[in-house]
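Please open the model in your viewer and keep the selection panel at hand. The tour below moves from one selection to the next and says what is to be found at each.

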Amino acid sequence: MRSALAYVPRLGPLAESSALAATAFFGSLALVAFVSSNPIVLGGVGAGVVVVGVAAGARRALGAAARWGAALGVLVVAVNGLASQRGATILVRGWELPVLGQLDVSAEALAEGGVLALRIAVVLGAFAVHSACVDPDRMLRLLRPLARHSALTATLIARLVPLAAADHARLREAARLRGPAAAPVGRAAIVRRLVAGSLDRAVDVAATLELRGYAHGAPRVAGSSRHSRHSRHSWRFALAGAGIAGAGVAARIAGAGEFDAYPTASLDTDPLTLCLAVGLVGLAALPFAGSRKGIRG
Amino acid sequence: MAELVCLERFSYTYPGAGEPALRELDLELAEGEFIVLAGRSGCGKSTLLRALCGLVPHYHGGEASGALAVCGLDVREHGPAELGGAVGLVGQEPETQVVSTTVRGELELPLELRGEPGAARARAVEEVALALAITGILERPTDTLSGGELQRVALAAALVLRPRLVLLDEPTSQLDPVAGDELVGLLRRLNEEWGMAVVLAEHRLERCLAAADRVVALERGRIAFDGSPTGFAGWSIAADPALATPGARLFSLAGVRPLPVAAKDARRTLLRQGLAPRAAGIGGPPMVGVGRITRRGGGSFAQPPGGMPARRRRRRGGPSPALEARDLWVELDAGGVARRALRGLELQIRAGERVALMGRNGAGKSTLLRCAAGLLPPARGSLDAARGCALLPQSPADLLLRERVDEELPGELGAEALAAVGLEWAGERDPRDLSGGERERLALAVVMAGRGDGKAPGVVCLDEPTRGMDGARKRALAEWLGELADGGSAVIVATHDVEFAARFAARVLLLGDGELIADGSADEVLSGGWYFATEVARILGGGGAITPEQGARQLRESLAPPPLGAARA
C-alpha cells in the first residue's frame, strides 16, 4: 500500500495549478503558522489546511499528518512543561526528577508548548497535502532554474518523500518478518534507519538525475503542453497564497492576534483576530470555489 | 576503429577508502565494440562504469590520477551532465534509477532537460518504448512497477538519447531468463545496427559472452584479462574458475577442447568430435520424463515415475508437509484494482526439500513466499506452514538495524539462531563489519530466531538471494542452504538464476501468471525447456544433465570406448 504522503495523480484545481503556485500557496499557510503565536489564528490556518486537504482529495495525508502532529505535540508540550520554569500558575510544585532535579510545571509552560505543538501540526499538515497533491516531476522542473548545479538538493526536495515512503514500507515489512526471538524493532529504530538510508538513496537518485542531464546547460526545460491549462488555477492559488501571507504578516505588524504565555497566559480575542482566523479559512478555500471535481474524498 | 574511450594509468580511490578501487588502468574502447566486464564482487567493475560516465570522480569525490577521455572529452573537466548525451548508464538498483512519477515522464525527462521539442520527444519515447516492449506501461506510476519493469524503464531512459556508449551494471540481475536473454539480444541488435558501443558488467557470463566482441576481467582494481571471449574461456578456467561459464567448466571437466564461448560453439565442437547429443546417447525430446508437471485446465503433461501421482502418494503416509497450499488464491492491489497474483495453487513441500521457485517477472514467486510468511492473506483457499515459516526478503540489510550482532539476537534463543547459521563467534561484531555472505546469514538468523520447534523453522524461504553475487559466493550459499535443508527445514528459493537453481535445488516449481505450470526434479525441469534451462542442458540437448559435473560425466561416458561384448554384438 502506498504511503499517505506519496503523490497520487488527482483531478481538481490543485492538480491543475502550476507547481510554483501550489508551492507558494502552501508556503504562505506555513508562513502564517510561523509568524503567528495566537492559537485562534493558528486554528484558522489549521482549518484552512484541512479544507484544502479535503477539497484536494488528500484525506489520508491529512490523517497521517494529524497522527504525527499529535505524537510530536504531546512530546513538545511535555518537554516544554518540564523545561520552562516560568509561569505564575503552578500546577505541580517541586517535582523531583532524576538528572533534571526539582521542577515546577506551570499552566503557562504547558500553554506555550500547546501553541508550539499546534504550529507543528499545521506545518506538517500543509507539507503532507503538498506532498500528496503536487507532482514531484513538476517540482523537479520548478527547482531546476534555482538549483541547477545541485541535483542532490533538487532530489531531497522533490523526491525525498516518495523515497522515504518506499523505504519505510520495506523496513516495516522487514520488521514483521523478524523471528519471535529476535530483538523487536520499534518505530525509533526504523526512523533512524530511514533517515540514514533515505539520504543514501537520495544521493543515488541525484546521481541518476545528473546523468539524465539535470545540470546540463540547455537554455530551458522544454515547455509543457499543460502549461496554458494551469493558468487559471495557478492564478487563483497564487492570489490566495498572497492574500494569506499578506493578511498574516499585516496582522502581525498591526499587533493583532497577540499571545503572551508569561507570566500569565493572555490571548487576544478581539474581532480583528477572529476575522483574521475566519478570513484565512476563506482564503484557503477560495481556489476551490466553483470547482466540483475538487471536492472528493 | 575510432577510439571512444581511453584510460591511461587511471587510478581512483573513494573518499576515506584505504586503498584504490581502480589501479593504473590502461584501456581503450573503440566505437561500436561490445565489451563484457567480468570479475568477482568488489573488483572495481561498478567503479569503472561510474568513471566512464563521469560520476567518478565528479559526483563521488575521492582522488583520481592518470587520464580518462570519453567521446573525446576529458572526464576530469567534463561532468556526467555533459557526458550524459553520449553515455548512458544503467546501474545495479533500478529503484534508485527512476526519478519521475510516471514511465512516460521518466523517458521524456532527459529529452526535456536538453530542450528537445515536443514532437522529437514523442517520437524518441515511442521508439525506445517499442524497442524495450514497455509501451503498455508508459502511463503507469513508477512506484507500481516490478523490479524487472523498473530495470527496463531505467534502460529505456538511458537509451532515449541514443548515446554512443551505453554502460550496464548487472542489468539482468532482476530479470527472468526470458527477459535477460531478450535484453542481451536487444543490446546486440543496437550494437550491430546502430553502432552503439556497449560495456556490460555481469556475473552471469553465460548469458552475454556470445554477444561480446571482447572481455575485460578485473581483479582488485586491475585488469587481469583483456581479450576475446574464446581467450577468456581458457583464462578463466586456468586463473579463476569462479568466473568460468558452465559450458567452459563442462568441457574442461570432460577434457574436450576448445573451450566454448556459448552453447552453439559447444554443440558445434561436440558434433565435430562425433559427440552429437543424440549420437552420444544424450538428450531427447524436451519436456519428457518430468516427474510431476501439472497444468491447470490442460491436464497433466506426464505421470511421475512409479505411476502414482506424487501428491496422492504422500497423503497415504509419511510426515505432514512442511508447507501445504490448497486452492490458494492471492490478490494484490494494483493501483486500486485487485490483480490475481496466485490462482488456485495446489502444492505440498516436505521437510528437508530443496526447492527452487522460478518463473517470469510477475509470475507470483514473491507473492507465494510473502503469503507463506504471513505478510499477505489468501483471498481464497489456504497456505499452511505447520512448523513456522521464515522469509529472507530481497534486501537482507533491512533486517539489520543495530550496532552489534547480539543486540539483534539477544538471549539464549538468539545465540541458538546465531549458532544455526555459523555465526556464534560474531556476537560482539558490528553487522556492517561482516562480509556480504555473513550479513546474509545473520539476516537469515534474525528471521529464523525462535521459529519452529526450537531448532529451525519448518520452512525457510529466500527471495532472490543471489542478486549481485559472484560465482564463488553463490556456490557457498548453495552449500550452506543444502546444510540447512539437511537439518530438516524445507528451503525454498525464489530465483531467476537457473545455474544457481541447478546447483542448489532438488525440485523446481515453475510458476506462470500465478499458476503452477511445472513441478518436477531439478534435472527434469531445468533440462526440458528453452528458457528455464541451464547452459549445460542447452549444450547437451536436454538429457537430464544440468550441472557441469553431471554433463562432464555423460560426456566422459560417451567418449569411453564401448565394452568388447557390446562391440561384437
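This is a predicted model: local features need pLDDT of at least 70, side-chain atom pairs count only at pLDDT 80 or more; totals for chains, interfaces and linings use all residues.

Residues are numbered from 1 along each chain as its sequence is written, and chains are lettered from A and ligands numbered from 1 in the order in which they are written.

**Domains of chain A**

Begin by colouring chain A by its domain assignment, which gives domain 1 (1–148 + 227–297) and domain 2 (155–214); such bounds come from an automatic or database domain assignment. The C-alpha centres of domain 1 and domain 2 of chain A lie 26 Å apart. Across this boundary, 10 residues of domain 1 of chain A are in contact with nine residues of domain 2 of chain A, where contact requires that the C-beta atoms of two residues, placed from the backbone, lie within 7 Å. On the side of domain 1 of chain A that touches domain 2 of chain A, the largest share, four residues, comes from α6(A); helices here are DSSP runs of H or I with at least four residues, strands are runs of E with at least two, and both are numbered from the N terminus.

**A helix pair in chain A**

Next, select α2 (residues 19–35) and α3 (residues 39–55) of chain A, which pack at an angle of about 160 degrees with their axes 9 Å apart. That angle makes α2(A) roughly antiparallel to α3(A), a label used for angles over 145 degrees. Axes are lines fitted to C-alpha atoms, for helices over the stretch in contact, and angles run from 0 to 180 degrees between N-to-C directions.

**Where chain A meets chain B**

Now display both chains, and find the 44 residues of chain A that are in contact with 51 residues of chain B. On the chain A side, the elements that give two or more residues are α6 (136–143), α7 (151–177) and α8 (187–212) of chain A, and α8(A) gives the most, with 11 residues.

**The six-stranded sheet of chain B**

Turn to chain B, where six strands form an open sheet of mixed pairing in the order β17-β18-β19-β15-β20-β21; two strands pair if DSSP finds at least two bridges between them. Because β17 (389–392) and β21 (515–521) of chain B stand at the edges with a single partner strand each, one side of each is left without a neighbour in the sheet. The twist averages 20 degrees from one strand to the next. At one end of the order, β20 (residues 507–512) and β21 of chain B pair in the antiparallel sense over six bridges, and L509(B) stands opposite D519(B) in β21(B).

**A hairpin in chain B**

Finally, select β1 (residues 3–13) and β4 (residues 63–70) of chain B, which pair in the antiparallel sense over seven bridges, with S11(B) opposite S65(B) in β4(B). β4(B) also pairs with β5 (residues 73–74) of chain B, in the antiparallel sense over two bridges. Their hairpin has two residues between the strands, and C71(B) takes a positive phi near 50 degrees there.

Methods:
Angles under 35 degrees count as roughly parallel, over 145 as roughly antiparallel, 65 to 115 as roughly perpendicular and the rest as oblique.
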